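This report describes the fold of a single protein chain for a reader who has the coordinates at hand. Please consult the sequence and the structure shown below while reading.

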Amino acid sequence: MEVGIFIYDGAECLDFCGPFEVFNTAKRFIETPINVSLVAPSHVPVTSRGGMSVNPHYSIYSHPKFDLLIVVGGIHHQICNDHNVLNWLAETANHTSQCASVCTGVFLYAEAGLIDGKRVTTHWQDIDDLREQYPSLEVVEDVRFIMDQNFTSSAGISAGIDMSLELVKKRFGQSVAGKTATQMDYDWPRI
């Protein structure tokens, strides 16, 4: 299983570190190899919202074919206007069996026109903006995450861990997801 996590300057640390840890921990309990990689607009290190410098494994111009693509949130306004990123996202998402967003990462999918008509969520502080900017979406609040066919979106920051555990459960079963949460010493609500 190839998991790609898209990061960019201003991305929230836990938005990408949480899912990264979930999938890397899950592979301890299964025989199926899981490769988790960070993808960025280029090979240049990304500076997160908190100032952490992160080296991506791949750029949008060269990466493996993903089974799951996660787009993270953060300071997203500039990246939502990057046509190279939006074109890459549209092309990549159309060839990826499962896509997901953490927090405001949903704005990138919406801007790329990939989730019209879907039920989605985001960070509580951005719910109204998402509704206003993308009226074709069914925006749901007060949930940790929502699965709508092959697209899953989560609320803010730590909700990405819950979402990732649910994606592990969907792919590998309740037992693997439970063992993953226990190994991470994470109190998973098992929604």
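The report treats the sheet, the helices and selected residues in turn.

The model is predicted. The UniProt record, in an unreviewed entry, places the feature "domain: DJ-1/PfpI" at residues 3-169. Over residues 3-169 the chain is 30% helix and 22% strand, with the end C-alpha atoms 15 Å apart.

**The sheet**

Seven strands form an open sheet with mixed pairing, in the order E5-E2-E1-E6-E7-E11-E10. Strands E5 (58-59) and E10 (145-148) stand at the edges; each has a single partner strand, so one side of each lacks a neighbour in the sheet. Strands of a sheet pair through backbone hydrogen bonds, in either the parallel or the antiparallel sense. Two of the pairings are set out here.

| Strand pair | Sense | Bridges | Residues opposite each other |
|---|---|---|---|
| E1 and E6 | parallel | 4 bridges | Phe-6 and Val-71 |
| E10 and E11 | antiparallel | 4 bridges | Ile-146 and Ser-153 |

Strand E1 covers residues 2-6 and strand E6 covers residues 68-71. The hairpin of E10 and E11 has 2 residues between the strands, and Gln-149 in this hairpin takes a positive phi near 55 degrees.

**Helices on the sheet**

Helix H2 (residues 83-94) packs on the sheet, where H2 touches E1, strand E2 (35-40), E6 and strand E7 (98-102). The direction of H2 makes about 150 degrees with that of E6. At 1.5 Å a residue, the 12 residues of H2 should span 16 Å, and this agrees with the 16 Å between its end C-alpha atoms. At the N-terminal end, Asp-82 caps H2 through a side-chain oxygen that lies 3.0 Å from the backbone nitrogen of Asn-84.

The buried residues of H2 are Val-85, Leu-86, Trp-88, Leu-89, Ala-90, Thr-92 and Ala-93. Their cover includes E1, E2, E6, E7 and helix H3 (106-111). An α-helix has 3.6 residues a turn, so residues three or four places apart point the same way.

Helix H5 (residues 159-172) lies across E6, E7, E10 and E11, and runs at about 160 degrees to E7. Helix H6 (residues 174-183) has the buried residues Val-176, Ala-177, Gly-178, Thr-180 and Ala-181. The cover of these H6 residues includes helix H1 (13-26) and H5. Asp-185, which follows H6, has a positive phi near 55 degrees.

Ser-153 belongs to strand E11 (residues 151-154). Is Ser-153 buried or exposed? Ser-153 has a relative accessible area of 0%, and is therefore buried, the cut-off for that class being under 20%. The side chain of Ser-153 reaches the backbone nitrogen of Thr-121 at 2.9 Å. Beyond residues up to four places away in sequence, Ser-153 touches Ser-101, Val-106, Arg-119, Val-120, Thr-121, Phe-145, Ile-146 and Met-163.

Val-140 is found in the loop between strand E9 (138-139) and E10. With a relative accessible area of 16%, Val-140 is buried. Leaving aside neighbours within four places in sequence, Val-140 is in contact with Arg-119, Val-120, Thr-121, Ile-127 and Ile-146. Of these residues, Ile-127 is 13 residues from Val-140 in sequence, and the two are 8.0 Å apart in space, C-alpha to C-alpha. Ile-146, which touches Val-140, is also the residue that stands opposite Ser-153.

Technical notes: Residues are numbered from 1 along each chain as its sequence is written. This is a predicted model: local features need pLDDT of at least 70, side-chain atom pairs count only at pLDDT 80 or more; totals for chains, interfaces and linings use all residues. Side-chain values use heavy atoms; hydrogens and water are left out. Buried means under 20% relative accessible area, exposed over 50%, partly exposed in between (1.4 Å probe, protein chains only). A polar contact is a pair of N or O atoms within 3.5 Å; within protein, one must be able to donate a hydrogen and the other to accept it, and residues adjacent in sequence count only if both atoms are side-chain atoms. Contact means heavy atoms within 4.5 Å. Two strands pair if DSSP finds at least two bridges between them. Axes are lines fitted to C-alpha atoms, for helices over the stretch in contact, and angles run from 0 to 180 degrees between N-to-C directions. The expected span of a helix is 1.5 Å times one less than its number of residues. UniProt positions are given in the numbering used here, feature names are shortened, and annotations may be inferred rather than shown by experiment.
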